[in-house]
Amino acid sequence: MLPPEQDLVRDLAEWLPRQRWFGGKDGPIHDITIGTATDLRHGDPALHHLVLDVRQDGTTDHYQLLLGARRDLPDRLRHVEIGGPCGDRAAKARLYDAAHDPELTRVLLDALASGASAGPLRFHHADGARIRTDLASLPMTAEQSNTSLLFGDEYICKLFRRLSPGVNLDLEVNLALTRGGCAHVPAVLGWIELDPGPGARAGGGGEPVTLALLSDYLHTGVDGWSLAIASVRDWFAHTPPPGGGEWAELDASAAGGDFAAEAERLGAATAEVHRALADAFGVTVVPAGEVRAMAARMNAELTATCRAVPGLAPHAKALTEAFLDLASRAGPLPVQRVHGDYHLGQVLRTESGWTVLDFEGEPARTRSERRALAHPLRDVAGMLRSFEYAARFLITKAGSVPSESGPRLETRAHAWAARNRAAFCRGYAAGGGPDPAAHSVLIRAFEFEKAVYEVRYEAQNRPAWLAVPLKSLAHLTA
């Protein structure tokens with residue numbers, strides 16, 4: 001049995017700000033109410049599903065919590081306890097985040113396998129999916145905005161902690177691609193949703209709100225960022241043969257951990273995903289006027305960012321020229337659904353090839369912005385920027401490389417990025433995507449738009465990383 005709501009709310013107000021996935025750490029919580037409370041398991045331990053309505057600075061966000069209750073809390077769960085034993089509570093139940101309790105998370109698998117309903121919760125399995133229910137879960141620790149549970153080495157279940165209105169983009173896109181037979185996404189096995197019901201719970205309007213997504217777990221996968229960083233580290237440590245001169249510092253293929261072949265295969269896989277997205281959601285053509293308006297928005301963002309980050313100003317002329325060039329050559333442009341936040345951390349290299357993850361789009365943008373159609377080269381530009389980041393990550397990370405080798409390493413970083421950018425674009429064109437070389441004006445504008453976003457983001461959140469986009473722009477605008 002849950003404690004009185006006022007006691008639970010008091011404990012949650014203290015506990016929530018300490019959670020990695022809580023998005024309101026920069027301001028006080030003014031009020032918490034329990035939007036929905038659904039019993040999923042009775043007894044000891046008990047499992048309750050809560051949607052919390054958290055009000056801060058005049059806005060309300062909705063968070064999902066699996067609340068466990070045990071009379072005796074084992075040591076392995078004390079780090080996720082909510083509140084603590086006090087007074088009558090000590091004689092009744094200890095409350096905790098049940099996402100860390102494999103005995104209770106198995107309830108989710110049972111409900112997904114059977115297609116159950118509980119109160120406003122609906123559990124669905126994909127057509128033809130057979131879900132094992134005998135697997136124990138383990139929460140992953142890398143994520144911040146969501147919580148992912150690994151069930152054995154079979155499934156991964158992403159719990160969306162901060163709920164977005166309506167159907168989550170990751171479910172919408174992955175389910176469509178799974179049904180279309182796309183080999184480059186993990187197959188969707190099931191999902192959990194909150195029925196809108198009376199009062200349009202959790203801000204979903206008339207649509208169900210996605211709570212969780214169950215997919216195949218690619219246990220042999222290694223993320224692209226880790227592979228790229230290993231390649232850069234090998235290239236930085238490479239000693240060229242005597243007499244190689246300046247060219248030896250530019251031949252990134254000479255290192256043993258060359259990434260270019262993988263970059264080319266990733267480009268081809270990206271083109272295949274874009275074709276699958278076009279097949280699933282269609283393609284439309286926007287008129288030249290919308291392209292000019294897009295270029296104007298790029299330029300306006302540049303102006304605002306130069307005011308906020310003066311270090312960008314030396315590049316402003318070249319960036320503005322790129323945006324004006326796009327506007328002057330504007331014509332009808334095909335647009336479609338794209339990934340929206342594409343970088344090396346969003347792809348896995350498995351035994352069978354590259355797999356693309358996380359179609360939620362940039363988290364700072366609104367749902368309508370994240371669902372907006374775009375030219376597929378916008379994703380290509382995002383990956384090109386990611387190569388620039390990978391090339392310079394070790395330089396910015398204190399203690400990773402000798403500081404006195406900075407100028408030499410910047411030369412090598414540029415060489416590594418250039419080699420892998422070219423390989424990715426080559427693979428993308430060979431895989432049937434629009435050839436970046438034949439759309440140089442568009443791809444340049446998209447990449448510069450992304451770089452401006454990066455400059456502002458790093459200045460606000462990771463000042464030590466600000467040199468990464470600025471130094472890459474120094475090369476790209478030269």
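Trainee: Where does Thr105 lie?
Mentor: Thr105 lies in helix H2, which covers residues 102–114. Please keep in mind that this is a predicted model.

Trainee: Is Thr105 buried or exposed?
Mentor: Thr105 has a relative accessible area of 1%. Buried means under 20%, so Thr105 counts as buried.

Trainee: And which residues does Thr105 touch?
Mentor: Leaving aside residues up to four places away in sequence, Thr105 touches Ala98, Ala99, Ser137, Leu149 and Phe151.

Trainee: What lies 3.5 Å from a polar atom of its side chain?
Mentor: For Thr105, that is the backbone oxygen of Pro102.

Trainee: Changing topic: how many cavities of 30 Å³ or more are there?
Mentor: The count comes to 3. The largest cavity holds about 40 Å³ of space.

Trainee: Which residues line the largest cavity?
Mentor: Its lining is made of Thr270, Val273, His274, Leu277, His339, Tyr342, Val356, Phe359 and Asp379. By class, 5 of the lining residues are nonpolar, 3 are polar and 1 is charged.

Trainee: Which helix gives the most to that lining?
Mentor: Helix H6, residues 260–281, gives the most, with 4 residues.

Trainee: What about confidence: what pLDDT does the chain average?
Mentor: The chain averages a pLDDT of 91, and 92% of the residues score at least 70.

Trainee: Where does pLDDT stay under 50?
Mentor: That happens over residues 87–91. The model has 8 contacts beyond four places in sequence for this stretch. Where pLDDT is low, predicted coordinates should not be read in detail.

Methods
Residues numbered from 1 in each chain as written. Predicted model: local features only at pLDDT ≥ 70, side-chain atom pairs only at ≥ 80, totals over all residues. Heavy atoms only, no water. 1 Å grid on protein atoms, 1.4 Å probe; cavity = no way out; pocket = protein on both sides within 12 Å on 5 of 7 lines; lining within 4 Å. Points joined across faces, edges and corners; volume = space filled by probe spheres on them. Helix = DSSP H or I, 4+ residues; strand = E, 2+ residues; numbered from the N terminus. Nonpolar A, V, L, I, M, F, W, Y, C, P; charged D, E, K, R; others polar. pLDDT = per-residue confidence, 0-100. Contact = heavy atoms within 4.5 Å. Buried < 20%, exposed > 50% of the residue type's maximum accessible area, 1.4 Å probe, protein only. Polar contact = N/O pair within 3.5 Å; in protein donor to acceptor, adjacent residues only side chain to side chain.
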